[in-house]
Amino acid sequence: MHYRFIFLKGMIKQVFTASDYMHMSHALQLAERGLFTTSPNPRVGCVIVNDGKVVGTGWHERVGESHAEINALREAGDLARGATVYVTLEPCSHHGRTPPCVEALICAEVCRVIMAMDDPNPHVNGQGKEKLQKAGVEVQTGLLEDEAQQLNIGFITRMHHSRPWIRTKIAASLDGRIALKNGKSQWITGEPARQDGHRWRARSCAILTGVNSVKVDDPLLTVRYIETSRQPIRIVLDSNLEIPLQAKLLENADTTWIFTVQADRGKIHLLEDAGAHVVVLPDLAGKVDLKAMITKLAELGINELLVEAGPVLNGALVAAELIDEIIFYFAPNLLGNSAQAMLVLPEITDLSEKYNLQITDIRKIGIDIRLVARFIK
């Protein structure tokens with residue numbers, strides 16, 4: 001037998017074998033190879049095993065290309081017949097940019113499919129599993145589900161909540177300061193930490209900054225240090241359309257989006273002529289409607305959004321409960337009381353109003369400390 005069952009309060013619960021865990025771990029490692037390239041699709045890996053031997057492997061490499069199951073089936077060939085398929089996400093059952101993977105698995109005559117997780121898309125959730133079962137294929141789910149969910153946390157968030165998973169990245173001194181009083185901040189942290197920051201850029205679908213950061217630092221907001229075939233979309237929150245027309249973000253500006261409340265048609269035309277996309281999105285207070293902006297980004301297929309901004313925009317996003325996760329880089333230095341704080345937040349008058357976070361990872365990067373924390377909501 002490949003597996004066994006246990007009985008729990010009258011219910012049957014399947015226990016996966018060590019071999020099952022090993023092959024699904026392999027599939028997750030394959031899925032991670034698409035970490036920087038699959039957007040807006042999920043990262044998916046697949047391993048096909050026949051008679052205890054791996055006969056096919058594959059992962060989804062980029063949007064519009066074959067899915068993980070198809071790549072693995074292509075490698076397995078006739079050896080897929082009667083095999084067990086380990087896949088990190090429920091196989092698709094609908095025609096999109098590519099044909100449905102469920103039909104390919106059925107035609108290959110596989111006997112068993114083990115999925116790490118169901119498809120979070122409410123329009124297709126469970127349909128792939130149902131079609132496989134109707135065709136006589138044994139289906140199991142839930143093996144290393146948490147790991148698969150973390151790999152696709154942005155895709156899941158967009159499917160379930162119509163918004164991206166939002167991280168902000170903050171480099172600070174040990175006393176929580178991000179820049180001197182005069183605005184100078186290059187460089188508080190060391191080179192390894194800055195390179196690590198580019199890995200977070202590379203996995204993100206888009207990077208958000210504020211116009212003040214553009215005016216002070218004139219950033220490119222592109223991925224460097226890390227090899228990737230895809231650059232994230234650049235997004236600028238610019239209420240009054242103050243972005244300089246010479247800004248580096250407007251070079252090759254077809255991937256630059258600007259959200260504003262200023263309906264200055266002359267300036268908008270100049271920005272659009274440069275290739276930028278301008279969206280006028282005011283709220284009742286005359287500022288950019290942050291929640292509506294985040295919804296728009298989800299409509300654009302943004303799964304993971306990285307914020308690289310100053311304390312005012314970061315504070316506004318935290319106060320609006322739009323930040324899911326903060327990546328802190330703490331450098332072993334002190335900048336003093338007059339230096340700029342990490343966040344500008346409304347005054348808290350009682351400790352019950354504090355923002356609570358859960359630390360999910362902490363490690364040393366060069367001479368600096370990287371701490372990742374998620375908001376408890």
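**Figure 1. Buried residues of helix H11 in the predicted model.** Six names make up the buried set of H11: Pro311, Leu313, Asn314, Gly315, Leu317 and Val318. An α-helix has 3.6 residues a turn, so residues three or four places apart point the same way. After the helix comes Glu321. The phi of Glu321 is positive, near 60°.

**Figure 2. The salt bridge between Lys377 and Asp324.** What separates the closest N and O atoms of this pair? The gap is 3.1 Å. The two partners come from distant parts of the chain, 53 residues apart. Lys377 sits in the segment after strand S18 (368–375). Asp324 sits in the loop between helix H11 (311–319) and strand S15 (325–331). Is Lys377 buried or exposed? Lys377 is exposed, with a relative accessible area of 64%. Asp324 is buried, at 7% relative accessibility.

**Figure 3. The salt bridge between Lys129 and Asp118.** Here the two side chains meet at 3.3 Å, N to O. Which parts does the pair tie together? Lys129 belongs to helix H4 (residues 127–134), and Asp118 to the loop between strand S6 (112–115) and H4, so the bridge joins parts that are 11 residues apart in sequence. Lys129 has a relative accessible area of 19%. Lys129 counts as buried because the cut-off is under 20%. Asp118 is partly exposed, with a relative accessible area of 26%.

**Figure 4. The salt bridge between Asp361 and Arg363.** The closest N and O atoms of this pair are 2.8 Å apart. Arg363 has a relative accessibility of 42%. That value makes Arg363 partly exposed, because it lies between the 20% and 50% cut-offs.

**Figure 5. A network of salt bridges.** Which residues are linked here? The network holds Arg43, Arg167, Arg203, Glu304, Glu325 and Arg374. Side chains of opposite charge can pair when their charged atoms come close. How many salt bridges does a search of the whole structure find? The search finds 20.

**Figure 6. Confidence along the chain, with residues 1–12 in view.** The protein chain averages a pLDDT of 92. A score of at least 70 is reached by 95% of the residues. Over residues 1–12, the pLDDT is below 50. How many contacts does this stretch have in the model, beyond near neighbours in sequence? Residues 1–12 have 19 such contacts.

Note on methods
Residues numbered from 1 in each chain as written. Predicted model: local features only at pLDDT ≥ 70, side-chain atom pairs only at ≥ 80, totals over all residues. Heavy atoms only, no water. Salt bridge = Lys/Arg side-chain N within 4 Å of Asp/Glu carboxyl O. Helix = DSSP H or I, 4+ residues; strand = E, 2+ residues; numbered from the N terminus. Buried < 20%, exposed > 50% of the residue type's maximum accessible area, 1.4 Å probe, protein only. pLDDT = per-residue confidence, 0-100. Contact = heavy atoms within 4.5 Å.
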